[in-house]
Each structure stands twice: as C-alpha cells, then as structure tokens.
Amino acid sequence: MTDSAASDSAAAVPTVRVLLVDDHAVVRQGLRLFLGLDEHIEVVGEASNGEEALAEAGRLHPDVVVMDLMMPVMDGIAATRQLRRAHPDTEVIALTSTLEEHKVNGAIEAGAISYMLKDASSDTLADAIHAAARGEVRLHPEAAKRLVRDFRGGEMRESLTPKETIVLQLLARGHSNRDIAADQGVSEATVKTHVSRLLSKLGLDSRTQAALYALKHGVASLDGVEV
C-alpha cells in the first residue's frame, strides 16, 4: 500500500469522541490509557457520576458515552435515560462489573446501545465504541441471553412490511444504517425511515430493543448477532 493509499484509508475511519463515566478515578485512567492506543478514538472528557455526565455531555457533545452503572449522586441507568432524551445522537455503552438482571434490563430500557463487562479486553471495548458510533448493537453474550429471556417488548401496533422485516433482521445482526443501505440498495435516509417506522409499529424506543424483539420472536437468532 502506498503512503497516499494508507493515508486515505486512515482518513476513512472517523474519530469517535468519547466521554468516560465512572466513580473510580483509577478505572477512568485505565480506560483512557487503553483507548489511547486506538488512534481513531479521542477521550474528550470524564465524569465521576451521572449528574456530571449529563453536564459534560451537554458541554462536549461526545459521540459515545462509556457509562458505569453503579455510581453515587445519580446512577448510570438514570443518567443514561436522561442523556438519551437530551442528546439522542449520543450513544451510551453500559460498562459494569455485574450481570445482575435488573441492571442489564434497566440499562437497555434506559437506551444503552451496548452492555459490556469491565473484564472485556481493550480491543473488545474499542470495537464496541466504534460500533456504537455507527449505530450498531454490541452485547455481552450472557447479557444478550438474559435480555432475550426477560424481554417484554411493547405491543405490535401494526404489521411490519416485508422490507421492514428485512431491516429488522439486519439490525438484529448488528448492522448499521449504512450497512443495511448497501445491502438493500437504498439510501441511508430510507433505512432510517424504515427503522423509525418499525420501532413505532413495535412500540419500542431503541435499536437494541428492536434487536431483542427480533431474537425473542424468532426473526433473528443469537448465532447471527454480534455479541
């Protein structure tokens, strides 16, 4: 590969702006060091609780927030819910040390796009961050199984069209709007419309909930889902 081609390839990967939220400074420092190895991730700020996270998200407008769930003042679930309402273009990755079912379900219901454990490798976390920035779902395998088992989605208000069903299947497999658009030969705007309509028809609030619905109802299988 020529220097010019290498430069073009690097430029094709967008830099993801990340906010780290954890009440332990040593954890934030470790995450910053790990993520600093990825030249396409920029840690733009830190917060030690949910209230600080909301303030910093409003100030810094990160692409992705890596959110601990158990924190003082305001926990990560409450912070995720408020952050997603105030900044719908910012995705949240729940990063915690537990697979307690109420935490897993609470984080996804609040709007987190991914659920990861703190023992994940730096490469796995970096991949999840890039995926979140693209609107792709990443779930810890055991979290995915528990979420599917306990998922109580909304009532289907209207049947999905064949195209919306295909989009739901691809979404459940972790594809971004761009990937789906390329697969189906349509524009990203068209895919965004399909996603919005299927969420409305299913009475759901997020892509992650849609993926869980697809798994729960046999539209897609765990074997084909990114975890």
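1. In this note a helix is a DSSP run of H or I that covers at least four residues, and helices are numbered from the N terminus. With that reading, Glu-56 belongs to helix 3, the run from residue 50 to residue 60. The model under discussion is a predicted one, and the points below should be read with this in mind.

2. For the chain as a whole, the model has 11 helices and six strands, and of its 227 residues 49% are buried. Among contacts between residues at least 6 apart in sequence, 68% join residues that are at least 24 apart. The accessible surface amounts to about 11,000 Å², and carbon and sulfur atoms account for 48% of that surface.

3. Glu-56 deserves a comment of its own, since its relative accessibility is 18% and the cut-off for a buried residue is under 20%, so that this residue counts as buried. Once the neighbours within four places in sequence are set aside, Glu-56 is in contact with Leu-19, Glu-46 and His-61.

4. How is helix 3 placed against helix 4? Their axes lie 9 Å apart and the two helices pack at an angle of about 20 degrees; because angles under 35 degrees count as roughly parallel, this pair is described as roughly parallel. The crossing is right-handed. On the side of helix 3 the contact is made by Gly-50, Ala-53, Leu-54 and Ala-57, and on the side of helix 4 by Ala-79, Gln-82 and Leu-83. Sorted by class, the residues of this contact comprise five nonpolar, two polar and no charged ones.

5. Helix 4 runs from residue 76 to residue 86 and includes Thr-80. Is Thr-80 buried or exposed? Its relative accessible area is 2%, and Thr-80 is therefore buried. Leaving aside its neighbours within four places in sequence, Thr-80 has contacts with Met-67, Val-92, Ala-107, Ala-110, Gly-111 and Ala-112.

6. Leu-35 is found in helix 2, which covers residues 25–35, and its relative accessibility of 2% makes it a buried residue. Apart from neighbours within four places in sequence, Leu-35 is in contact with Leu-20, Ile-41, Val-43, Leu-125, Ala-126 and Ile-129. The C-alpha atom of Leu-35 is also separated by 9.5 Å from that of Val-18, a residue 17 places away along the chain.

7. The buried residues of helix 8 are Glu-164, Val-167, Leu-168, Leu-170, Leu-171 and Ala-172, and their cover includes helix 9, helix 10 (188–202) and helix 11 (207–216). Gly-174, which follows helix 8, has a positive phi near 95 degrees.

8. The crossing of helix 8 and helix 9 is right-handed. Lys-163, Ile-166, Val-167, Leu-170 and Leu-171 of helix 8 meet Ile-180, Asp-183 and Gln-184 of helix 9, and by class this contact holds five nonpolar, one polar and two charged residues.

9. What is the arrangement of helix 8 and helix 11? Their axes are 8 Å apart and the packing angle is about 100 degrees; the two helices are therefore roughly perpendicular to each other. From helix 8, Leu-168, Leu-171 and Ala-172 meet Arg-207, Ala-210, Ala-211, Tyr-213 and Ala-214 of helix 11. The residues of this contact divide into seven nonpolar, no polar and one charged. Leu-168, Leu-171 and Ala-172 are also listed among the buried residues of helix 8.

10. A last point concerns His-217, which lies in the segment after helix 11. Its relative accessible area is 51%, and because the cut-off for an exposed residue is over 50%, His-217 is classed as exposed. The C-alpha atoms of His-217 and Val-148 are separated by 9.3 Å, although these residues are 69 apart along the chain.

Key:
Residues numbered from 1 in each chain as written. Predicted model: local features only at pLDDT ≥ 70, side-chain atom pairs only at ≥ 80, totals over all residues. Heavy atoms only, no water. Buried < 20%, exposed > 50% of the residue type's maximum accessible area, 1.4 Å probe, protein only. Contact = heavy atoms within 4.5 Å. Left-handed = near helix turned anticlockwise from the far one by under 90°. Nonpolar A, V, L, I, M, F, W, Y, C, P; charged D, E, K, R; others polar. Areas by Shrake-Rupley, 256 points an atom, 1.4 Å probe, with all protein chains shown as cover. Axes fitted to C-alpha atoms, helices over the stretch in contact; angles between N-to-C directions. Parallel < 35°, antiparallel > 145°, perpendicular 65-115°, else oblique.
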